[in-house]
Amino acid sequence: MDPRALWTMSYGMYLVTARAGSRANGQIANAVFQVTAEPPRVAIAINKANFTHDLIRDGGWFAFSVLAETVPMEFIGLFGFKSGRDVDKLAQATVREGLHVPLVVDHAVAVTEARVLQAVDAGTHTVFIGEAGAAEVLSAGAPLTYAGYHARNGKAPKNAPTYRGETEPAAPAPAAASTWTCGVCGYTYDPAEGDPAHGIAPGTRFEDLPDDWVCPVCGAPKDAFLSD
């Protein structure tokens, strides 16, 4: 099978939120779509390893914010490359209480809340089908598409259904002394400065960074960086 055929499919960019008891979280997702018009039903695909997955499963509700094309990459980095098990992501966003789950209104064109009707096992992911309830348009801005995100050098995390892994073409090897820019948030790693806050001394080449080093701004992995 030629995986490039799947890469031609179109998606949006969404911030999915959920709550179960006192726990709440949000994550970036691109597999969100409307299933039927009457009654209005929507579906989302969430990786089973994600914290948000467990909250949707246990809480029975989810919401999603349609992200605007002007959303900062740092914002996507926060919700797309950091785990809610480690970081209170919602504390760093503007959140409004919905009927059942928190709604993130930062950089959002619209928000929708849905009650889970069915959970379909799709292997690594669960497809949650929900009946849309409360929904609101927040701004007249254009929504960010997945293609638009990639045009800004955005990357898919490994838990994303559209993760391309090692099948993505590799860039030519750059000069060792060049700076590298995070494709998610725009942070630039300069070997002359290093990353002292995380134990990386000035003068450390990007190639010599530990494999588990991540972007100090958004937490994106090394393979999300591009040579300048």
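The notes below concern a predicted model, in which local features need pLDDT of at least 70 and side-chain atom pairs count only at pLDDT 80 or more, while totals for chains, interfaces and linings use all residues. Residues are numbered from 1 along each chain as its sequence is written, and side-chain values use heavy atoms, with hydrogens and water left out.

1. Cys 182 is in no disulfide. Its nearest cysteine sulfur belongs to Cys 218, 3.7 Å away. Cys 182 is buried, at 3% relative accessible area. (Buried means under 20% relative accessible area, exposed over 50%, partly exposed in between, with a 1.4 Å probe and protein chains only.) For Cys 215, the closest cysteine sulfur is in Cys 185, at 3.5 Å, which is too far for a bond. Cys 215 is buried too, with a relative accessible area of 2%.

2. **Main core.** The largest nonpolar core has 34 residues. Such a core is a set of buried Ala, Val, Leu, Ile, Met, Phe, Trp, Tyr and Cys residues joined through side-chain atoms within 4.5 Å. Tyr 149, Cys 182 and Phe 225 have the most contacts inside it. Two or more residues come from each of α3 (73–81), α4 (146–151) and β10 (180–182). Helices (H or I, at least four residues) and strands (E, at least two) are DSSP runs, numbered from the N terminus. α3 gives the most, with 6 residues. Domain 1 (10–150) and domain 2 (178–225) each supply at least three residues to this core; the bounds come from an automatic or database domain assignment.

3. **Tyr 149.** Neighbours within four places in sequence are left aside here. Tyr 149 is in contact (heavy atoms within 4.5 Å) with residues including Met 13, Met 73, Ile 76, Phe 81 and Val 184.

4. **Sheet.** An open sheet of 7 strands runs β2-β1-β5-β8-β9-β4-β3, with antiparallel pairing. Strands pair if DSSP finds at least two bridges between them. β2 (23–29) and β3 (32–36) are the edge strands, each pairing on one side only. The twist averages 35° from one strand to the next. Axes are lines fitted to C-alpha atoms, for helices over the stretch in contact, and angles run from 0 to 180 degrees between N-to-C directions.

5. **Inside the sheet.** β5 (residues 61–67) and β8 (residues 108–122) run antiparallel, joined by 7 bridges. Phe 62 has Ala 114 in β8 as its bridge partner. α3 packs on the sheet and touches β1 (14–20), β2 and β5. The direction of α3 makes about 120° with that of β2.

Terms used
Disulfide = S-S within 2.5 Å.
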